[in-house]
2 protein chains.
Amino acid sequence: MPQIDGARLLADLHRLRDFGRFETGVHRPTYSDVDMRSRHWLTERMTEAGLTPDLDGIGNVIGRAPGPGPKLLVGSHTETQNYAGWLDGALGVMYALELARVLPGQIDVAAWADEEGHFGAFLGSRSFVREVEEAEIDAARNAHNGTPMRTALAEAGLAGRHRSHVEPGRYRGYLEAHIEQGDELDSTGKKLGIVTSIVGIWTFSVVFHGIQNHAGTTRMAIRKDAGVALVNYCAAIQRHMPEVAAPRSVWTVGRIALVPGAASIIPGRAEMLLQMRDADPDVLARMEALAHRLVAEANAAGPCRAEIECVFRSTPKLMSLAFQDALERAAERHAPGLHQRMPSGAGHDAQILAKVMPSAMLFVPSIGGISHHIAEDTEEADIVLGCQVLADAAAEILRG
Amino acid sequence: MPQIDGARLLADLHRLRDFGRFETGVHRPTYSDVDMRSRHWLTERMTEAGLTPDLDGIGNVIGRAPGPGPKLLVGSHTETQNYAGWLDGALGVMYALELARVLPGQIDVAAWADEEGHFGAFLGSRSFVREVEEAEIDAARNAHNGTPMRTALAEAGLAGRHRSHVEPGRYRGYLEAHIEQGDELDSTGKKLGIVTSIVGIWTFSVVFHGIQNHAGTTRMAIRKDAGVALVNYCAAIQRHMPEVAAPRSVWTVGRIALVPGAASIIPGRAEMLLQMRDADPDVLARMEALAHRLVAEANAAGPCRAEIECVFRSTPKLMSLAFQDALERAAERHAPGLHQRMPSGAGHDAQILAKVMPSAMLFVPSIGGISHHIAEDTEEADIVLGCQVLADAAAEILRG
């Protein structure tokens, strides 16, 4: 079995942490100056590891192993959410680099661009599997400041570069390691999570149309208050969703806007985003049906008109059972009884790669379940353990 | 009795409408170029009417009648909400100008600056009654674009001007006419509303503190979702407020914000504005007590922490009974049976003037109850009728 070098791995992770260090966390948004410097740094590490680095036109950094024979693609992403944690995807990329060193000629390393969605949804990995047309890049803008993606790519020195795509037949499959981001491992003392599936995410925009009017002179009896309609709908969602959801389902109203949004004006329009996640499409379909039924009931009750529209829908993706078994055997060897199979509640590039090759994921514990926050952390021993387990599983898969 | 000139009044109103005309409405925000041109135009009309005009350092335009003897102060405001209606306060100022013509030497005309609150709360009339310190002006900013009030005053040519204040002993009292802004007169076929009181407005900020977390990896059972806490609170307010409110009470949640406000993030903080209005302080106190009780219940139920704070509180103001009687006699003379006494659900400069002199208000119908909208309108015959009734009442008060 390959033997990873834990000190070298940790040194890599801490060096990467310096790019955009912010208090105990990192601020390294996609295509920012510090993000691009970290990508160039990564290409140098790949060269040192015997790989041929390729920084492509969407920011993906792919290091290809030389020679013939079966390869495994291993990776994650290096950019971060704004003012967020230091591990997140960085962990999976540094794992991949270490695997390339200990399994020479057999591991291609990938750092997918913009998994964190500063400009879109999984742009880097989707570009790699040929899902991103030029028109999508033309239209994309930074979600926080509106900068066109083309401008950001030009400023990052990426304009005009080729985009890399998956080479048919090259790979046995794809492996990705990541921090769990939840508290399931940490709260039970487990060290490793073997991902069974990546949840589907369905996001709905629900809009209520009332009549904007003066909050002092309009009697309660004649109001058509879109905000009241929204609140009643939200309360009904929270009340009834447990009746149709599964034990691991989650649903979230992350954004509400009342228009025009002033203390003395009855809202004429109210908008919300309702997101639901589950690994089972049937459960998601039940949750969606409830959201639609409650919209119909709101319309029947009046006085406001409600509309619901799906704005994002990703399919739940099952991970390769053979890869899960390999990960489980490696986990049992290094941490007997301290591992479990579990779905991923977050989206990951592995759900994109799973469309074109067998894919699997390994989780390490997030202390306190915290992620996307400067307090995000994992015990050093757990970081090293996770890399060794991933290396063992990769070696077994490559042996085929 | 004085005889007003309806055609002259309507011509004035239509000329004023041209300053900032926007479709069928008007866009004439405080201290804008078009607003300042309308104020200078008004000073010229005052001079023609035999008054001495005074455009002061906060934008108030006051036309003083010459000679000795009792005076009545009559006015309203000429700026508008953004892209709003043509009548609103403009009606009351043009009524005042017409009264000054038919009751020469007895009427001072006032156009109070910024009743619409682009920079503050009743800044013009409050300045007139010595309630506005220089420090308040130093700190004030435009609510829509953040421009400092000092900058706006300088650009309007008002920097360094004196501010006019009420002259003790000069006035019998204050009269203000306004469109109703509600549908009570229009829906019952009444032509005139005699205002009994101006409601108190109490506005509360309610904030919920949860824990921001990942909307995919955080199980429902351990969430502290501030948005859910807010929705439950709002729903409880709507459910229980009718139990403590009076028939004419109104309450409004005009603004809600979830922080950070993204589809995939559980809100860690949620904010709302809850406004309540009633003419009876005891009713307002009951409504406030309910809002506090429901905050306490939310805190007891958990898991989020709730806080409530009063951010604005105006006292209900009773209108002069003697002036109400004078208005009612005039109304009965010109429109027998087609008038009623009613509270004002909106705030008006009269509630500020009422602190220093007897004050009263007259409403004319708003077609369809619409105001602060380009569709705002009143029948021409009703506009003329209202001015004649105000003139009769003014003459009676001045004879007093």
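Predicted model: local features only at pLDDT ≥ 70, side-chain atom pairs only at ≥ 80, totals over all residues.
Residues are numbered from 1 along each chain as its sequence is written, with chains lettered from A and ligands numbered from 1 in the order in which they are written.

Me: How do you know where domain 1 and domain 2 of chain A lie?
Reply: The bounds come from an automatic or database domain assignment. It gives 6–198 + 318–399 for domain 1 and 200–313 for domain 2. Their C-alpha centres are 36 Å apart.

Me: What makes residues of domain 1 and domain 2 of chain A count as in contact?
Reply: Their C-beta atoms, placed from the backbone, must lie within 7 Å. By that test, 4 residues of domain 1 touch 5 residues of domain 2. The domain 1 side has 1 nonpolar, 3 polar and no charged residues (nonpolar: Ala, Val, Leu, Ile, Met, Phe, Trp, Tyr, Cys and Pro; charged: Asp, Glu, Lys and Arg; polar: the others, Gly among them).

Me: Why is α1(A) called roughly perpendicular to α12(A)?
Reply: Helix α1 (residues 6–17) and helix α12 (residues 380–399) of chain A pack at about 110°, with axes 10 Å apart. Angles of 65 to 115 degrees count as roughly perpendicular, under 35 as roughly parallel, over 145 as roughly antiparallel and the rest as oblique. The angle of about 110° therefore makes α1(A) roughly perpendicular to α12(A).

Me: Which residues make that contact between α1(A) and α12(A)?
Reply: A:Gly6, A:Leu9 and A:Leu10 come from α1(A), and A:Glu380, A:Ile383, A:Val384 and A:Cys387 from α12(A). They divide into 5 nonpolar, 1 polar and 1 charged.

Me: What makes up the chain A side of the contact with chain B?
Reply: Each chain gives 44 residues to the contact. On chain A, the elements giving two or more residues are α8 (226–244), β11 (250–259), β12 (265–266) and β13 (269–278) (helices are DSSP runs of H or I, at least four residues, and strands runs of E, at least two, numbered from the N terminus). The chain A side divides into 19 nonpolar, 20 polar and 5 charged residues.

Terms used:
Contact = placed C-beta atoms within 7 Å. Axes fitted to C-alpha atoms, helices over the stretch in contact; angles between N-to-C directions.
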